[in-house]
Amino acid sequence: MINMDEVENITGDALMYLLTVMKNAKMQKDRKIMWKGNFPKNEKINKFLKASGFLNYMKTAEQNLIHSDENFEIQCGKLMQGDIAKYICEFTNNKLGTNRLFSKFLYKMLTELMTNTKDHAYNKQSTFDYCWYIFVENDKDKIKYTFMDNGIGIPTTVSKKFYEKINEILHLDKQYKYIASALKGEFRTETKEEHRGTGLPDIYSISENGNINNLTIISNFAYYSKEKNSYDLETELEGTILYWEINKLEGEK
Amino acid sequence: MNINICKDYTDTPGGRYISQGEFSGEDFRNKLLMPKYIEAVKNGEKLKIDLDGGYGYGSSFLEEAFGGLIRELKDNYKQALEIIELKSDDEPSLIDDITQYIKEEIKKKK
């Protein structure tokens with residue numbers, strides 16, 4: 001029973017993570033779980049939940065579904081889905097008053113994220129079967145994007161030097177440094193092929209160009225923020241959450 | 001000889017490999033780029049490729065298509081930059097990126 005009665009705050013990433021747990025076929029294989037839940041009493045949060053797209057993955061009465069043009073409802077997939085990336089670009093252009101040429105960096109970013117999930121984010125040790133999720137919110141002065149996969153996480157998958165492996169065993173290294181390093185394109189691709197592993201550096205470069213703001217990545221123990229402080233968390237997140245924003249002023253430039 | 005990626009293939013290009021989903025760089029190379037390139041070489045023609053009109057390109061799509069073309073070719077890869085003529089008014093920087101992918105793979109083969 002997911003009791004949301006007293007919930008006073010909720011975010012897209014929390015809903016997506018909840019979905020990954022509830023939809024997890026690996027877990028369902030061992031024992032069939034019948035999930036039940038209720039709605040928050042808080043009116044604002046209740047509306048947010050109903051408009052997020054979360055309920056599209058549940059059995060619920062039609063009247064509980066709110067389709068708001070202020071959100072791009074939670075979508076999930078296993079492979080690259082150009083149609084979803086295209087709709088997100090169109091949603092963005094619609095809110096910013098821009099056109100297809102403006103959103104090319106966004107399409108590129110979504111492509112790298114969706115394909116990265118299939119390639120690097122999972123292995124046999126993964127608790128979950130692979131899936132990515134995306135949620136987009138239209139805020140007053142910015143558009144907020146949250147992309148999540150529930151794979152084994154960037155700090156676990158990046159290629160490490162011998163001394164880093166020792167430090168990792170002894171818990172001497174900070175995991176957020178691996179994310180910073182992978183973003184900067186230091187040779188950390190798991191495949192060891194030079195022409196690969198461009199996904200995170202491409203995203204970093206998009207951020208450096210000022211196309212997106214507030215790039216934040218949470219993966220395993222790492223909390224990486226390009227603009228604020230980065231640190232390691234006390235509890236581990238199995239998977240990776242990427243968050244970024246596009247300021248509405250960007251569209252006017 | 002011409003390829004207009006948006007009209008002849010897709011306006012929503014995907015990732016690197018076929019295994020990653022629809023409209024990948026590998027699929028584009030296998031279905032369009034490689035056969036047209038071989039035909040262009042055979043006929044002594046230029047292969048004009050128009051990149052405009054789509055929603056965007058991930059670098060992995062472009063690298064696998066064009067860098068991969070050189071990796072896959074046994075012969076006739078050295079003249080790739082003379083045969084392939086790129087047009088990208090939407091994102092002019094893509095021409096430099098693709099040229100670089102081709103050059104790097106030619107260099108590795110030498």
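Q: How many helices and strands does the secondary structure of chain B come to?
A: Keep in mind that this is a predicted model. Reading along the sequence of chain B, you get the pattern β-α-α-β-α-α-β-α. Tally the letters by type, and chain B comes to 5 helices and 3 strands.

Q: And how many helices and strands are there in chain A?
A: Start at the N terminus and walk along: the elements run α-α-α-β-α-α-β-β-α-α-α-α-β-β. Sort those by type, and chain A has 9 helices and 5 strands.

Q: What percentage of the residues in chain B is buried?
A: A residue is called buried when its relative accessible area is under 20%. Chain B has 110 residues to check against that cut-off. The buried share of them is 54%.

Q: What share of the 253 residues in chain A is buried?
A: Use the cut-off of under 20% relative accessible area again. Apply it along chain A with its 253 residues, and the buried share comes out at 51%.

Q: Among contacts in chain A between residues at least 6 apart in sequence, what percentage joins residues at least 24 apart?
A: Here a contact means heavy atoms within 4.5 Å. Take the contacts in chain A between residues at least 6 apart, then pick out those joining residues at least 24 apart: that gives 64%. Do it for chain B, and the figure is 70%.

Q: Which kind of aromatic pair do A:F72 and A:F91 form, stacked or edge-to-face?
A: The structure holds 11 aromatic pairs over all chains, and A:F72 with A:F91 is one of them. Their ring centres are 6.1 Å apart, with 65° between the planes. Planes over 60 degrees apart count as edge-to-face, so this pair is edge-to-face.

Q: How many residues apart in sequence are the parts that the pair of A:F72 and A:F91 ties together?
A: A:F72 sits in strand β1 of chain A, while A:F91 belongs to helix α4 of chain A. Both A:F72 and A:F91 are buried.

Q: What kind of aromatic pair do A:Y223 and A:Y231 form?
A: A:Y223 is partly exposed at 22% relative accessible area, and A:Y231 is partly exposed too, at 38%. The centres of their rings lie 4.8 Å apart, with 15° between the planes. Planes under 30 degrees apart count as stacked, so the pair is stacked.

Q: Which element gives the most residues to the largest nonpolar core?
A: That core has 41 residues, and A:I88 and A:W244 touch the most other members. Several elements of chain A each supply at least two residues, including α4, β2, β3 and β5. With 7 residues, the top giver is α5(A).

Q: Which residues does A:I88 touch, not counting those up to four places away in sequence?
A: Set aside the neighbours up to four places away in sequence. What remains is A:F72, A:L106, A:L110, A:I134, A:V136 and A:Y145.

Q: How many residues are in the second, separate core?
A: Look over at chain B: B:L33, B:M34, B:Y37 and B:I84 are included in this core. Its size is 30 residues.

Q: Which lysine lies over the face of A:F39?
A: To count, NZ of Lys has to be within 6 Å of the ring centre. At 4.7 Å from the ring centre of A:F39, the lysine is A:K50.

Terms used
Residues are numbered from 1 along each chain as its sequence is written. Chains are lettered from A and ligands numbered from 1 in the order in which they are written. This is a predicted model: local features need pLDDT of at least 70, side-chain atom pairs count only at pLDDT 80 or more; totals for chains, interfaces and linings use all residues. Side-chain values use heavy atoms; hydrogens and water are left out. Helices (H or I, at least four residues) and strands (E, at least two) are DSSP runs, numbered from the N terminus. Buried means under 20% relative accessible area, exposed over 50%, partly exposed in between (1.4 Å probe, protein chains only). Rings of Phe, Tyr and Trp (its six-membered ring) pair if their centres lie within 6.5 Å; planes under 30 degrees apart count as stacked, over 60 as edge-to-face and the rest as tilted. A charge sits over a ring if NZ of Lys or CZ of Arg is within 6 Å of the ring centre and within 35 degrees of the ring normal. A nonpolar core is a set of buried Ala, Val, Leu, Ile, Met, Phe, Trp, Tyr and Cys residues joined through side-chain atoms within 4.5 Å.
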